[in-house]
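Please look over the sequence and the model shown below. The paragraphs after it go through the structure part by part.

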Amino acid sequence: ETEPLTSKKDVSDCKEGEDCKENGLLVRNPKSALRLVEDGNKVHPSQGDKGEAAQISNGYSGVQSSVPCNGMGEVEDAQCTAPAATTTTTTTTSTTCGAEGQQQLMELEDRETWSKKIDFLLSVIGYAVDLGNVWRFPYICYQNGGGAFLIPYTIMAIFGGIPLFYMELALGQYHRNGCISIWRKICPIFKGIGFAICIIDLYIASYYNTIMAWAFYYLVSSFTAELPWTSCTNPWNTGNCTNYFSKDNVSWSLYSISPAEEFYTRHVLQVHRSNGLDDLGGISWQLTLCLLLIFTIVYFSIWKGVKTSGKVVWVTATFPYIILSILLVRGATLPGAWRGVLYYVKPDWQKLLATEVWVDAAAQIFFSLGPGFGVLLAYASYNKFHNNCYQDALVTSTVNCVTSFVSGFVIFTVLGYMAEMRNEDVSEVAKDTGPSLLFITYAEAIANMPASTFFAIIFFLMLLTLGLDSTFAGLEGVITGVLDEFPHVWSKRRELFVLGLIIVCFLGSLATLTFGGAYVVKLFEEYATGPAVLTVVFLEAVAVAWFYGITQFCNDVKEMLGFTPGWYWRVCWVAISPIFLLFVTCSFLSNPPELRLFDYNYPYWTTVVGYCIGTSSVICIPIYMAYRLIVTPGTLKERILKSITPETATEIPFGDIRMNAV
């Protein structure tokens with residue numbers, strides 16, 4: 001576990017520019033760099049370094065290999081003696097005792113890395129750019145002042161979203177651990193955050209993939225000469241079905257329903273066969289088959305790790321941009337497209353005075369970039385140690401924000417076309433929100449374009465690919481977290497663990513596959529993840545900036561990248577980002593959303609159920625804190641101090657050796 005590297009340079013005393021011994025420890029002279037030499041040859045530069053000589057620039061002490069361990073995984077003080085005149089300096093990696101030492105060694109020896117840098121970038125972009133970029137951002141943008149909304153959105157991104165995004169990438173890359181075991185190296189008492197993240201990810205997997213099952217059903221239904229949601233002559237249609245685009249003169253009444261809406265509600269979801277959350281009805285076998293196929297694709301994409309998923313995202317992350325470009329060009333050529341664009345970007349400056357606009361901007365950028373789900377920690381942990389995660393954070397977050405804005409043009413050019421055809425205002429056409437915007441409004445517009453079958457197929461393929469790489473990422477966050485925490489159990493059985501996880505997610509999705517499953521999806525989307533993730537990331541930011549220490553964290557970043565984050569990043573991590581998260585969380589809790597879907601108003605008890613589901617994940621944090629304080633020996637003060645002190649060192653790669661950061 002430790003290999004001494006003996007320097008051939010004799011040190012007679014402590015001179016300027018050299019290292020000296022003090023109390024048996026090798027102490028770094030601040031004006032020098034400790035050079036390691038093996039057999040007279042200079043050590044090869046470590047990852048990313050191209051200098052002639054490799055240097056240890058982290059400023060940490062090299063601990064003698066003879067220093068004993070105390071059984072708690074901590075290095076005790078040792079009294080060492082050495083000749084005063086001539087001392088041979090021996091630098092070794094400090095050992096970690098017992099199972100923790102073996103676990104660290106296993107992590108460092110066996111941990112895979114991305115095949116190429118572009119695999120990592122595409123994976124992160126694919127995770128951040130998901131279905132919400134297509135339906136959530138355009139709706140929130142026009143609802144909150146159009147072009148004026150870009151001002152609070154940009155401000156919240158600069159001071160809240162991007163700093164948190166950068167922080168998680170840096171944490172994962174430096175400590176090379178998943179969302180659970182990483183807390184041993186940061187602040188052990190907050191380890192419950194990792195368990196909470198895993199539960200949240202499982203909740204998301206239980207409903208997010210159901211939305212993809214809807215898209216897959218639409219995709220299969222699109223392989224016809226005439227799309228089935230264009231007419232009112234199908235078995236599922238009612239007498240209220242009215243076709244806007246019929247060549248006959250059609251009068252629209254208060255009770256009229258478009259064929260696209262009836263296809264979505266009565267054929268795909270079949271919500272008319274459910275009375276609400278208290279009577280969900282049976283399970284739709286068609287959607288069950290669609291979901292089973294999606295989980296099969298997911299399994300064979302992630303079962304081998306980032307080596308396989310990194311190749312799959314070359315398709316799932318790039319294909320949506322090709323389709324968005326095609327749809328944008330097609331939408332811009334439609335009659336009335338300018339009406340939709342004008343409605344989308346026309347600024348309403350008075351909206352900026354409303355608090356709700358700033359809350360929506362903060363929530364949108366946070367959920368769009370996606371810190372707090374364990375994904376960024378997991379993906380970054382497979383990076384090479386000296387990878388420029390700072391540049392990655394800026395590139396991927398910028399791509400994500402630009403994609404959201406461009407998606408708005410894709411949606412609103414079509415909505416302008418719909419308004420032109422209906423002879424209505426764009427606001428009337430754009431009243432649908434969430435998935436309904438895609439599966440009703442946009443689907444109806446596509447159905448009445450020339451070459452409608454082609455555009456329907458590529459559109460729903462795009463939705464599938466947008467969702468797939470986000471699912472890869474969410475499950476990878478859980479997989480990496482569990483495998484890093486229990487390597488002795490699962491490290492050699494990844495395929496088996498992933499299979500079990502997929503089965504659990506599929507069984508957990510059964511409630512969303514019922515005739516009232518859309519009501520369950522809406523409940524989970526609003527309550528099970530939103531406030532819980534905000535709370536988790538708030539505590540994560542506090543733990544890193546205030547307990548682990550912003551100075552220590554910046555030193556870690558300098559060790560990886562060669563430069564220290566500036567005052568802007570420090571201020572954001574210490575104060576602005578936690579305040580940003582607290583602001584959004586308090587706003588949500590003080591004004592919980594009133595849920596309504598189609599004609600169903602959610603009863604009051606569903607709000608209580610929603611908060612219980614959300615609390616079931618966050619409760620892991622105080623439970624683990626209490627457990628930690630109970631099992632730690634000593635007085636209360638000693639227990640607290642031990643619980644907020646990192647248990648194990650992070651080993652820093654340096655060529656073929658590992659230096660422990662202690």
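Lys-191 has a relative accessibility of 10% and therefore counts as buried, where buried means under 20% relative accessible area, exposed over 50% and partly exposed in between (1.4 Å probe, protein chains only). Lys-191 sits in the loop between helix 4 (150-175) and helix 5; helices (H or I, at least four residues) and strands (E, at least two) are DSSP runs numbered from the N terminus. Its side chain makes a polar contact of 2.6 Å with the side chain of Glu-485. A polar contact is a pair of N or O atoms within 3.5 Å; within protein, one must be able to donate a hydrogen and the other to accept it, and residues adjacent in sequence count only if both atoms are side-chain atoms. Apart from neighbours within four places in sequence, Lys-191 is in contact (heavy atoms within 4.5 Å) with Ile-180, Trp-183, Arg-184, Glu-485 and Tyr-624.

This is a predicted model, in which local features need pLDDT of at least 70 and side-chain atom pairs count only at pLDDT 80 or more, while totals for chains, interfaces and linings use all residues. Residues are numbered from 1 along each chain as its sequence is written, and side-chain values use heavy atoms, with hydrogens and water left out.

The chain as a whole comes next. Its secondary structure comes to 24 helices and 12 strands. Of its 662 residues, 56% count as buried. Among contacts between residues at least 6 apart in sequence, 80% join residues at least 24 apart. The chain exposes about 27900 Å², of which carbon and sulfur atoms supply 60%; accessible areas come from the Shrake-Rupley method with a 1.4 Å probe, and for residues only the protein chains shown count as cover.

Why is helix 6 (residues 259-269) largely enclosed by the rest of the structure? Eight of the 11 residues of helix 6 are buried, so the rest of the structure largely encloses it. The buried residues include Pro-259, Ala-260 and Phe-263. Their cover includes helix 5 (192-221), helix 7 (285-302), helix 15 (435-447) and helix 19 (517-528).

Pro-259, Ala-260 and Phe-263 are also among the residues that Trp-229 touches, as are Ala-443, Glu-444 and Ala-447. In the largest nonpolar core, which has 180 residues, Trp-229, Phe-460 and Phe-553 touch the most other members. A nonpolar core is a set of buried Ala, Val, Leu, Ile, Met, Phe, Trp, Tyr and Cys residues joined through side-chain atoms within 4.5 Å.

Gln-270 follows helix 6 and lies in the loop between helix 6 and helix 7. Although Gln-270 is not a glycine, its phi is positive, at about 60°. With 10% relative accessibility, Gln-270 counts as buried. Ala-451, in the loop between helix 15 and helix 16 (452-485), is another residue other than glycine with a positive phi, near 55°.

Further along are helix 22 (residues 604-618) and helix 23 (residues 620-631), whose axes come within 5 Å and cross at roughly 35°. Axes are lines fitted to C-alpha atoms, for helices over the stretch in contact, and angles run from 0 to 180 degrees between N-to-C directions. Ser-616, Ser-617 and Val-618 of helix 22 meet Cys-620, Ile-621 and Pro-622 of helix 23. Thr-615, also found in helix 22, is partly exposed, with a relative accessible area of 43%. The C-alpha atoms of Thr-615 and Ala-528 are separated by 8.0 Å, while the two residues are 87 residues apart along the chain.
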